[in-house]
Amino acid sequence: MAEADIDDLIEVIEKEGDIENIPTSLPMMPVRDIVVFSDMLLPLFVGRDKSIKAMEECVEYDRYIFLTAQKDAEVEKPGIEDVYDIGTVGRVQKMIKLPDGRIKALVQGIVTAKAVSYVKKRSFFKVEIQIIADHDPDEMDISVEALMRNVKENSEKLLALKGELSGDIGDLLSHIESPGKLADLVASNLNLRVEEAQRLLEMNETADRLKKVNDLLAKELALSTVQAKIQTDVKDEISKNQRDYFLREQVKAIHRELGESDEKLAEIKEFKAKIKRCKLPKAGEEEAAKQLKRLEQMHSDSSEASVVRTYLDTIVELPWSRSTKDILDISRAQNVLEQNHFGLEKIKERILEYLSVRKLNPKKKGQIICFVGPPGVGKTSLGQAIAKSMKRKFHRLSLGGIRDEAEIRGHRRTYIGSMPGRILQGLRQCGTNNPVFMLDEIDKLGNDFRGDPSSALLEALDPEQNYEFSDHYLNIPFDLSNVMFILTANIADTIPSALLDRMEVIRIPGYTHQEKIQIARTHLLPRKLRDNGLIRRSITISDKAMESIVTEHTLEAGLRELERKLDTICRKIARKIAEGKKGKFTITRQNLTRYLGPPQYMPELDQEESQVGLATGLAWTEVGGETLYIEVSLFPGKGELLVTGQIGEVMQESARAALTYTKANQEPLGIDKDAFDNHDIHIHVPAGAIPKDGPSAGIAMVTALVSAFTGRRVNNKVGMTGEVSLRGRVLPIGGLKEKALGALRAGIKHVLIPEKNKKDLYDIPKNVKSKLKFTCVRDVDQVLKIALEETPADETPARETKQA
């Protein structure tokens, strides 16, 4: 409100209005969106025809005009029913005719009145009015004074919140003594709806009207207080943002002056370029754009920005579309395999078949290959040879001891330090999406309360699912269908069945003595000479010395111990050369002990001669095939059975089944009928520190028992493998190839196998079959006929047999 308007209003309030001089018939003008109160100064722009004529006509009535509010502001030509009956008699203080025909007028409210009847309706409205006088209380009691004071104070507070309070307004409020005039003044300045303002106008009891105004004023004050707080907060935030923006612009200007670029802008720009180069799938692009936008809005040093930055780094560094071109030259691949591996013909043939199919149909989903064999037989190097032959990148991931599912699927991105799974990390290191990916030691995968990693591997290894592999950290499907997965294990028994079902298992049983000698000559020795700086030195290892190293200083299916022995020899020679010794160095069988010490693996004394109660079985362990000696001793007792040697439940059951068969057939076997009643039986499997179990020692136990009770020696050159039933049938076993190699290493000449394992002889190398005699047996009678010597030993069944 302008200061001139305030002065006019003070003058109006101070001057006693001559209400008696107001004509009873006046022109009426409807007004929109406002209710005019008495003593209210109101500028009006009059534009409707009837309103213009009414404004012109009011000059004839001493500038008095009846103003009433229009019920619906949208009605352009209101009728009698469109306006309120009760309005305010106003007096035109100023009136100016505008060039466009409209009238600009300043009108002052005088008194409330009611339109009693309409005298004229055509060109403009003319009405008969009746003045409505306010009913002031007879005496100003304390409640009315308190109410007036409260209204004045709240009005000042409201104006102060809006920044409109001045000394003149304070004077205006202090000059008002009438509750009606105070109510009208405050109501005219509140932002009221037409309906609310009209109800106030129609209240002629001034105390009630003032009370109603007080309520509306309190509500408006509360709203204005909240609004002012919001505006203050917004203003503070805007001020802070403007200050931060100003400082950033200053920093940018300083960087530009120094010839440097803004680091954050450069980082965002670099991320955008990298994301574009990555050729992400649609879901990946959306997620990357979302995270990049978040990074732009964060402070560079916040912990959340660090998490987002690490996530974006992971996305842009993954090989979404980068791959190496396969070189599918079958002849070249065969040469690479021959250069790096001796023997293993079946495995090489399978690898070449895989590459051939890949060459003819590059889009074929590959079978997951799993190499199963003892340590040191070359499973990992086979994977490296495959990668080399195809010119693909190679990555090895050891799964041994992994128990957390997050190691495979990644950690959820909810904390600092989370990272993707080991598979995606490996691809990130390789930089291509089609490497040869070796998952080592799959049989040693564990699980606990943190999840089952083997279940997480199902999705990664299944060709029908891995084109959309879901990593918890990345949260974007990644295509693993181009990756060539190769798995390795020492034994297949501990691999989860669901995983095993998705693999093609290729068994690598181990090497014969001759193969080891050949590998040592062509591969291991040249490498060790090169590693120890002896490549140009004159060093020779004789054939007898190499054979002694293989047979007497190592006893394993693989090559690691042999490699270590050759490394030991090279180190000792390197020391001699470093000390100044020159000339040729020749390793013979006679001087081998100077380098490796005495032989560590000598044929056991039990093998030197055939004995009673001692049978040679064959076992299949994680380190390959081994001989298993079964000893039986008898001593006076009541027929109790004692089994020792740290054997598992399966072998204990085999011992009980063997004893039951022997008891049931003691007469045909030539055993005295009182022998079981008068003797306790002790079955022992030596090397007790090594746990032993498996269903293949049954016939060896029967043979040792029958030998102990009949006194017939067991042929020390005969090894046997097979389970026995209570009816004496020989049941099939597994791992025949590994057991045959173990028998050959132990000096066995004749091997008895179940008849149902005859088919497995096809997989045994020819050089092994030429040195071992294999006999297929159907029942225990055939086993005993071959394994037991005809002539009984000096010991009798009733006496304790000689222990080994």
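Student: Which residues of the largest nonpolar core touch the most other members?
Tutor: A nonpolar core is a set of buried Ala, Val, Leu, Ile, Met, Phe, Trp, Tyr and Cys residues joined through side-chain atoms within 4.5 Å. Buried means under 20% relative accessible area, exposed over 50%, and partly exposed in between, with a 1.4 Å probe and protein chains only. This is a predicted model, in which local features need pLDDT of at least 70, side-chain atom pairs count only at pLDDT 80 or more, and totals for chains, interfaces and linings use all residues. Among the 50 residues of the largest core, the ones touching the most other members are Phe371 and Ile573.

Student: Good start! Which residues does isoleucine 573 touch, beyond those up to four places away in sequence?
Tutor: Residues are numbered from 1 along each chain as its sequence is written, and side-chain values use heavy atoms, leaving out hydrogens and water. A contact means heavy atoms within 4.5 Å. With residues up to four places away not counted, isoleucine 573 touches Leu534, Ile539, Phe585, Ile587 and Tyr595.

Student: How many residues are in the second core?
Tutor: Nonpolar side chains tend to be buried together in soluble globular proteins. The second core is separate, with members including Leu280, Trp320, Ile368 and Leu439. Its residue count is 49.

Student: On to the rings: which geometry does the aromatic pair of tyrosine 311 and tyrosine 473 have?
Tutor: Rings of Phe, Tyr and Trp (its six-membered ring) pair if their centres lie within 6.5 Å; planes under 30 degrees apart count as stacked, over 60 as edge-to-face and the rest as tilted. The structure holds five such pairs. With 5.7 Å centre to centre and 65° between the planes, tyrosine 311 and tyrosine 473 are edge-to-face.

Student: How many residues apart in sequence are the parts that this tyrosine pair ties together?
Tutor: Helices (H or I, at least four residues) and strands (E, at least two) are DSSP runs, numbered from the N terminus. Tyrosine 311 is buried at 0% relative accessibility, and tyrosine 473 is buried too, at 1%. Tyrosine 311 sits in helix α10 and tyrosine 473 in the loop between α16 and β10, so the separation in sequence is 162 residues.

Student: And which strands hold phenylalanine 437 and phenylalanine 485?
Tutor: These two rings form a tilted pair, 5.7 Å centre to centre with 50° between the planes. Phenylalanine 437 is buried at 0% relative accessible area, and phenylalanine 485 is buried at 3%. The pair ties together parts that are 48 residues apart in sequence, because the residues lie, respectively, in strands β9 and β10.

Student: Is alanine 700 buried or exposed?
Tutor: Alanine 700 is part of helix α24, residues 698–710. Leaving out residues up to four places away in sequence, alanine 700 touches Ala615, Gly617, Ile630 and Met720. At a relative accessible area of 1%, alanine 700 is therefore buried.

Student: One last thing: how far from the sulfur of cysteine 278 is the nearest cysteine sulfur?
Tutor: A disulfide is a pair of cysteine sulfur atoms within 2.5 Å, and the structure holds zero of them. Cysteine 278 is buried, with a relative accessible area of 6%. The nearest cysteine sulfur belongs to cysteine 430, at a distance of 16 Å.
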